[in-house]
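User: Hi, I have a new model open and I'd like to walk through it. Can you help me read it?

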Amino acid sequence: MTEAAVAERPITSRQIKVGDVPIGGDAEIAVQSMTNTMTYDVEATVQQVYDLNAAGADLVRVSVNGSKALEGFKQVVWRSPTPLIADIHFDYRMALGAADVGAACIRINPGNIGNDDRFRKVISKCMEKEIAMRIGVNSGSVEKRFWDMPKEEALVASALHKVEIAEEMGFYNFKVSLKASHVPEMVEANRKFREHSDAPLHLGVTEAGTKLAGSIKTAAAFGQLLPYGIGDTIRISLAEDPVEEIPVAYQILSSLNLRHRGPNVIACPSCARTLGFDVIGMAAQVEDALKHYEDHFTVAVMGCIVNGPGEARDADYGVAGGKDDGVIFSKGEPLRKVGRDDIFDALFEEIGKDGWK
Ligand code: SF4
């Protein structure tokens, strides 16, 4: 087995650390999500953090939206398998408290944290605890003083204002996010910000929507930024179980050849040449059986022997259906012919022989 190659991209940011996870510079793009449990429900929150970690999240963000949540966060932190980012809403004192109980990063939204003095207090605390901060600007909550600007410029101006305050204090251990729900606005804001600052960027399309729409919007945005070195950590915001966000994140990164986790399943759309072989059902079955694999290899599900193996000649393994039987192939070359009902088992026998997991 060989390590899957990834595309090189320009380095446009400095590197910081969130716990032991490097963000920016030449680090691989970090994947994160956020719990949606009540943080005071410690057992449910710890379980979700573990589930996200098992799915491949490098970092997990947890709401600290009040003193009950802070109490829960304190207990979740020491049981967490990943560095935790404390998400602060309006009360800067929760940021101070979360830093004291072990947050690896404090995420604040300058638009709702209040005045710059409060922001400075949070920075001082991050410096004292030697932890990171995310300055997270959202188009829906940009500070009033920037309201007369075009939206993407307001996002940039708001972020740069806070960046300036942080750097004046000698604090550089932060990343920035400029989020909008409208894809062109989010893309433009991140591009413009990068012209002015080398702070690592957290990318996300906010309120992206349900699984299909949200995934497509996010992929459309990330595809315009990540290959060009803009974006160091990502979150896919879906109206879904947050664990579902992680495979979407890897699918996007893998499609851009920037980071791989798990196999790549390709399938033909099928046509009359399948002679009745159920490509759609087989592709779904294969994808489902592969979803817990972490190794990266390509499996093709093709509808016919005439075109299938040739068209999928780059695939490490493939099946091509026929009237009563099918062919298992590798790199375009047939391995064996099997009866139609045995295709699935034979494919996984071949995958198993090579030790993928
Ligand atoms: S691989 Fe065969 S079955 Fe699939 S779309 Fe192409 S010709 Fe049709």
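User: Let's start with S270. Is it buried, exposed or partly exposed, and why?
Analyst: S270 is partly exposed, because 18 other C-beta atoms lie within 10 Å. A buried residue would need 20 or more. Keep in mind that this is a predicted model.

User: Where does S270 lie?
Analyst: S270 lies in the loop between β11 (264-267) and α10 (279-290). Its phi is positive, about 75°, although S270 is not a glycine.

User: OK. What surrounds the ligand?
Analyst: S270 is one of the residues around the ligand. Others include C268, P269, C271, R273 and T274. M302, G303, C304, N307, G308 and E311 also belong to this group.

User: How does that shell divide into nonpolar, polar and charged?
Analyst: Five residues are nonpolar, five are polar and two are charged.

User: Let's zoom out. How is the protein divided?
Analyst: Into two parts: domain 1 covers 16-255 and domain 2 covers 264-353. Their centres, taken over C-alpha atoms, are 40 Å apart.

User: And what box do the C-alpha atoms of the protein fill?
Analyst: Roughly 75 × 45 × 35 Å, along the principal axes. Of the 357 residues, 45% are buried.

User: How many helices and strands are there?
Analyst: Twelve helices and 15 strands.

User: Which strands make the closed barrel?
Analyst: Eight strands do, in the order β3-β4-β5-β6-β7-β8-β9-β10, with parallel pairing. Look at β3 (residues 30-34) and β10 (residues 233-234): two bridges join them, and they run parallel. There, A30 stands opposite T233.

User: Let's pick β5. Which way do its residues point?
Analyst: β5 spans residues 84-87. L84 and A86 point one way, while I85 and D87 point the other way. All of them are buried.

User: Which of them point which way?
Analyst: F174, V176 and L178 go one way. K175, S177 and K179 go the other way, and these are buried as well.

User: How does β8 pair with β7?
Analyst: In the parallel sense, over six bridges. M133 stands opposite F174 in that pairing. The chain gets from β7 to β8 through helix α6 (residues 151-168), and this β-α-β crossover is right-handed.

User: What about β8 and β9?
Analyst: Two bridges join β8 to β9 (residues 201-203), and the strands run parallel. S177 has H202 as its bridge partner in β9. With helix α7 (residues 183-196), β8 and β9 make a right-handed β-α-β unit.

User: Change of topic. Why does E130 count as exposed?
Analyst: Because E130 has 9 C-beta neighbours inside 10 Å, and the limit for exposed is 12 or fewer. E130 is in the loop between α5 (116-129) and β7 (132-138). Its phi is also positive, near 55°, and E130 is not a glycine.

User: Last one: A54. Where is it found?
Analyst: In helix α1 (residues 42-55). A54 counts as exposed because it has 12 C-beta neighbours inside 10 Å.

User: How far is A54 from V42?
Analyst: Their C-alpha atoms are separated by 18 Å, and the two residues are twelve apart along the chain.

Conventions. Residues numbered from 1 in each chain as written. Predicted model: local features only at pLDDT ≥ 70, side-chain atom pairs only at ≥ 80, totals over all residues. Domains from an automatic or database assignment. Near = placed C-beta within 6 Å. Nonpolar A, V, L, I, M, F, W, Y, C, P; charged D, E, K, R; others polar. Helix = DSSP H or I, 4+ residues; strand = E, 2+ residues; numbered from the N terminus. Pairing = 2+ DSSP bridges. Right-handed = clockwise from strand over helix to strand, strands pointing away.
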